[in-house]
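Please view the fold alongside the text.

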Amino acid sequence: MKKTADSILPPRPAVVELSAYDPQHFETRINLSANENSFGLPPALRRRLEELVEEMAFSRYPDPTVGELRQVIAERHGVDPERVVVGNGGDELIQALLLAYGGPERTAVAFTPTFSMYEILAKVTGTRFVGLDRDRAFDIPADAARRVNEAGGRIVFACSPNNPTGNVVDAGTIRSLCKEVDGLVMIDEAYQEFSSSTALDLPQYRNLAVLRTFSKAFSLAGLRVGYLIADPEIIRNINKVRLPYNVNVFSQAAAAALMSEPGELEEIIAEITVERGRLAEAISDLGGYNVYPSGANFLLVECAESGDAVWRKLLDEGILVRNFSGVPRLENCLRITVGTGLQNNAVIDALKRIGGTWLE
Ligand code: PMP
């Protein structure tokens, strides 16, 4: 075909059909939309990171093996560093797993409603995607492994606690997925630090990969650090598709420093889980809102009336939360990140006012 003056090459067919991830970001007074840690870093840890900058060689490439940070992560979890790979955020490792194990002949499965990046990144990597329904309580059904096999699934994503529903996957379900599915099982534990169970306590199934991030409990969303713990063979294959130097000098050092001395952060995590209970109870007590149980740092709240209207009114009050009203099975649902005590009070007060006005 002849080139015309203003023609531009179309992208791959899979990309034509995609839309870019929309984080629904708006500038507001209180941002409780992205499940970040609203407490930020305690001053002493912040100073520690500032000291690191002083001694850092920014003109040099970072350690391509992310050696020191992998060692710290391995020690925290009592695993061999060979079982750890670090990514530029957890998202990058979801993509890397799909690049290494997905592709045109493979099917990835997730249990919907769930984190939308599994589907987006499956499509980006040319992998077929199948969403299997969660049950009425948003749990993964007991016969999940059979359904995955029927769908031809070779890569399974199970998010625990699940974003955006907040519930934890039970150990029995993970065991049966690992034992019965002829493929890989990624348990996405981005929010694990706010709950108690972890797939890392299960036997080391060779097809089990556990994803963690520094973006939530560890308060480093801006530095983009996530990690995957899995069989060394899986890690080796991910290393083949991972970009060299994917984690920058500062992020490697900062994450290692934080994980080596997590004491103060652990106090904040405990405070967030207490605040989660208080916020859930206060919103439920208002009437007109159904709050789902959560093991994460956010609550899924179903509004008796239009979720879109409540979302808009919260924004008018300077509070940004995540609107899931348009997502199948999450009609009229909002996801509210648990913030500081003051931020949570602002949410409760605003919902109280909105509850009295939404029928007008
Ligand atoms: N998994 C889940 C379930 C998430 O909610 C997120 C962040 N929104 C991620 C993975 C990725 O987090 P990050 O890339 O910031 O590490």
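How are H3 and H9 oriented to each other, roughly parallel or roughly antiparallel? The model is predicted. In it, helix H3 (residues 67–77) and helix H9 (residues 249–260) pack at an angle of about 25 degrees. Angles under 35 degrees count as roughly parallel, so H3 and H9 are roughly parallel to each other. Their crossing is left-handed. H3 brings Glu68, Leu69, Val72, Ile73 and Arg76 to the contact, and H9 brings Gln252, Ala255, Ala256, Met259 and Ser260. By class, the contact of H3 with H9 holds six nonpolar, two polar and two charged residues.

The crossing of H4 and H5 is right-handed. On the H4 side, Asp91, Ile94, Gln95 and Leu98 take part. They meet Met117, Tyr118, Leu121, Ala122 and Val124 of H5. By class, the contact of H4 with H5 has seven nonpolar residues, one polar and one charged.

The two pairs are set out below.

| Helix pair | Axis angle | Axis distance | Handedness |
|---|---|---|---|
| H3 and H9 | about 25 degrees | 9 Å | left-handed |

Four strands form an open sheet in the order E9-E10-E13-E12, with antiparallel pairing. Strand E9 (289–291) and strand E12 (322–323) stand at the edges. Each has a single partner strand, so one side of each is left without a neighbour in the sheet. Strand E10 (residues 298–303) pairs with strand E13 (residues 333–337) in the antiparallel sense, over five bridges. Val301 stands opposite Leu334 in E13. Helix H10 (residues 263–286) packs on the sheet and touches E9, E10 and E13. The direction of H10 makes about 150 degrees with that of E9.

Charged pairs come last. Side chains of opposite charge can pair when their charged atoms come close. How many salt bridges does a search of the whole structure find? The search finds 15 salt bridges.

Conventions
Residues are numbered from 1 along each chain as its sequence is written. This is a predicted model: local features need pLDDT of at least 70, side-chain atom pairs count only at pLDDT 80 or more; totals for chains, interfaces and linings use all residues. Side-chain values use heavy atoms; hydrogens and water are left out. Two strands pair if DSSP finds at least two bridges between them. Helices (H or I, at least four residues) and strands (E, at least two) are DSSP runs, numbered from the N terminus. Contact means heavy atoms within 4.5 Å. Axes are lines fitted to C-alpha atoms, for helices over the stretch in contact, and angles run from 0 to 180 degrees between N-to-C directions. A crossing is left-handed if the near helix is turned anticlockwise from the far one by less than a right angle, and right-handed if clockwise. Ala, Val, Leu, Ile, Met, Phe, Trp, Tyr, Cys and Pro count as nonpolar, Asp, Glu, Lys and Arg as charged, and the others, Gly among them, as polar. A salt bridge is a side-chain nitrogen of Lys or Arg within 4 Å of a carboxyl oxygen of Asp or Glu. Angles under 35 degrees count as roughly parallel, over 145 as roughly antiparallel, 65 to 115 as roughly perpendicular and the rest as oblique.
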